[in-house]
Amino acid sequence: MTTLGRGTSASGRLVRLGFTDPTRSAALLEGGILGSLLDDDHALHDLAGTADPDEALRGLARLLDADAGNAALLLTELGTDDVLRHRLFSVLGASRELSDFLVRHPEHWHQL
């Protein structure tokens, strides 16, 4: 398990941010391409600010898998564009159906 300074585990940090399934969410963040978000306080706080932070994170993982060729670009954009990050996370955390739409049509994340 990744620790984030002073003995704080990823799942413990996620609990404090309001995630309700911190074990699953930490596993998503600790493995693969989403690992960079663990060190991005802005991204974690934006995820936590959504209607369903766990669903927003799962939706992001699904979107990155669906558009693997552009995954690095999307993560770069999320790290540099606060408006895009907030909008995308809000959409992903608001509705499973909206996440499903973006997974089926990943090119539409650019429109956010």
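At what angle do helix α4 and helix α7 pack, and how far apart are their axes? In this predicted model, helix α4, which spans residues 53-66, and helix α7, which spans residues 96-104, pack at an angle of about 15°, and their axes lie 9 Å apart. Because angles under 35 degrees count as roughly parallel, α4 and α7 are roughly parallel to each other. Their crossing is right-handed. On the side of α4 the contact is made by E55, G59, R62, L63 and A66, while α7 contributes R96, S99, D100, L102 and V103. Sorted by class, the residues of this contact between α4 and α7 comprise 4 nonpolar, 2 polar and 4 charged.

The wider setting of this pair can now be described. The secondary structure of the protein consists of 7 helices and 0 strands, and the pattern read along the sequence is α-α-α-α-α-α-α. The radius of gyration is 13 Å, close to the 13 Å that the globule rule gives for 112 residues, so the protein is as compact as a globular protein of that length. Taken along the principal axes, the box filled by the C-alpha atoms is roughly 40 × 25 × 20 Å.

Confidence in the model should be kept in mind while reading these features. The protein averages a pLDDT of 89, and 93% of the residues score at least 70. Over residues 1-7, however, the pLDDT is below 50, although this stretch has 15 contacts in the model beyond near neighbours in sequence.

Another helix pair is formed by α1 and α2. Helix α1 covers residues 10-17 and helix α2 covers residues 22-30; they pack at an angle of about 120°, with their axes 8 Å apart. The two helices are therefore oblique to each other, and α1 passes α2 in a right-handed crossing. The contact draws on A10, S11, L14 and V15 of α1, which meet P22, T23, S25, A26, L29 and E30 of α2. By class, the contact of α1 with α2 has 6 nonpolar, 3 polar and 1 charged residues.

A further pair is made by α5 and α6. Helix α5, residues 71-80, and helix α6, residues 82-94, pack at an angle of about 110°, and here the axes are 5 Å apart. Since the range from 65 to 115 degrees counts as roughly perpendicular, α5 and α6 are roughly perpendicular to each other. The residues in contact are L74, E77, L78, G79 and T80 on α5, together with D82, L84, R85, L88 and F89 on α6. This contact of α5 with α6 divides into 5 nonpolar, 2 polar and 3 charged residues.

The helix pairs described thus include a roughly parallel one, α4 with α7, an oblique one, α1 with α2, and a roughly perpendicular one, α5 with α6.

Conventions
Residues are numbered from 1 along each chain as its sequence is written. This is a predicted model: local features need pLDDT of at least 70, side-chain atom pairs count only at pLDDT 80 or more; totals for chains, interfaces and linings use all residues. Side-chain values use heavy atoms; hydrogens and water are left out. Axes are lines fitted to C-alpha atoms, for helices over the stretch in contact, and angles run from 0 to 180 degrees between N-to-C directions. Helices (H or I, at least four residues) and strands (E, at least two) are DSSP runs, numbered from the N terminus. Angles under 35 degrees count as roughly parallel, over 145 as roughly antiparallel, 65 to 115 as roughly perpendicular and the rest as oblique. A crossing is left-handed if the near helix is turned anticlockwise from the far one by less than a right angle, and right-handed if clockwise. Contact means heavy atoms within 4.5 Å. Ala, Val, Leu, Ile, Met, Phe, Trp, Tyr, Cys and Pro count as nonpolar, Asp, Glu, Lys and Arg as charged, and the others, Gly among them, as polar. pLDDT is the predictor's confidence in each residue, from 0 to 100. The radius of gyration is taken over C-alpha atoms; the globule rule is 2.2 Å times the number of residues to the power 0.38.
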